[in-house]
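Morning, everyone. One structure today, and I'll keep it short. Please have a look at the screen.

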Amino acid sequence: MAQVYVFKSAFKHRKTLWRRIEIRDDQTLGDLDSIMRDAFKHDDSDHLSEFYPDQSCRNGFGEIDPDGGGSGADIKLRKIGVCEGTKLGYVYDFGDYIEHILAFEGVKNVEENVKYPRITDKSKTKNHYCDSCKEKGKKSVATYVCVDCSDDAEKTVYVCEECAEKEHEDHQIEDILF
Ligand SMILES: [Zn+2]
Ligand SMILES: [Zn+2]
């Protein structure tokens, strides 16, 4: 009988940003990878990733391609030895090396008519305010991060919808991830 594993996954260096993920133990690391890409908005770039038995991110289970192939993709969850206290490591993109931790929270029964893996909960949204508006003494909620301006300023630059159009139209902007 298949069971459902529950993980709380978060950025290693931004633990307040998390998603709770449920996956069947007869599903694979490839399945877990695809929901991780979705959950952390990695799905619009195509880089390799890998899961690790612990958060040191050494001796991984094998790389996973963006198309779902790779030496680590076909390993079933029930084969990797998850137990109480397990914290899997996950690296997305070996260039940017974005580390995540998946803390195992327990097992549940498989629910009928549910498509696994799935995201069942996520961290609460915290508003950021537009930096351009702030300079003009206005306060508006930002929806994007300007990648170019952030690089120049060496800090995260938030922009609202309106400013993104007016002042950052030639810049690379990304949705804020909550
Ligand atoms: Zn603005
Ligand atoms: Zn900009």
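First, the ground rules. This is a predicted model: local features need pLDDT of at least 70, side-chain atom pairs count only at pLDDT 80 or more, and totals for chains, interfaces and linings use all residues. Residues are numbered from 1 along each chain as its sequence is written, while chains are lettered from A and ligands numbered from 1 in the order in which they are written.

Layout. The protein chain has 4 helices and 10 strands. Those are DSSP runs, numbered from the N terminus: H or I of at least four residues for helices, E of at least two for strands. Along the sequence the order is β-β-α-β-β-β-β-β-α-β-α-β-α-β. The C-alpha atoms fill a box of roughly 60 × 30 × 25 Å along the principal axes.

How is the chain divided? Into domain 1, residues 3–122, and domain 2, residues 131–175. Those bounds come from an automatic or database domain assignment. Over C-alpha atoms, the two domain centres are 31 Å apart.

Of the 178 residues, 29% count as buried. Buried means 20 or more other C-beta atoms within 10 Å of a residue's own; exposed means 12 or fewer; partly exposed is in between, with C-beta atoms placed from the backbone. Take the contacts with a separation of 6 or more: 58% of them link residues 24 or more positions apart. A contact here is two C-beta atoms, placed from the backbone, within 7 Å.

Now the cores. A nonpolar core is a set of buried Ala, Val, Leu, Ile, Met, Phe, Trp, Tyr and Cys residues joined through C-beta atoms within 7 Å. The largest has 23 residues, and Ile23, Leu32, Phe51 and Tyr90 touch the most other members. Strands 1, 2, 3, 5 and 6 and helix 1 each give two or more residues to this core. Helix 1 gives the most, with 5. As for Ile23, leaving out residues up to four places away in sequence, its contacts are Val4, Tyr5, Asp31, Leu32, Leu77, Tyr116 and Pro117. Apart from this core lies another, of 12 residues, including Tyr144, Val145, Val157 and Ala164.

Stay with helix 1, residues 29–39. Why call it largely enclosed by the rest of the structure? Because 8 of its 11 residues are buried. They are Leu29, Leu32, Asp33, Ser34, Ile35, Met36, Arg37 and Ala39. After the helix comes Lys41, with a positive phi, near 55°.

On to the strands. Two strands pair if DSSP finds at least two bridges between them. Strand 1 runs antiparallel to strand 6, with 9 bridges. Strand 1 also runs antiparallel to strand 2, with 8 bridges. A hairpin through 2 residues joins strands 1 and 2. In that pairing, Lys8 stands opposite Arg20 in strand 2.

Last, Phe104, in strand 6. Which residue stands opposite Phe104? Phe7 does. Beyond four places in sequence, Phe104 touches Tyr5, Phe7, Val82 and Thr86.
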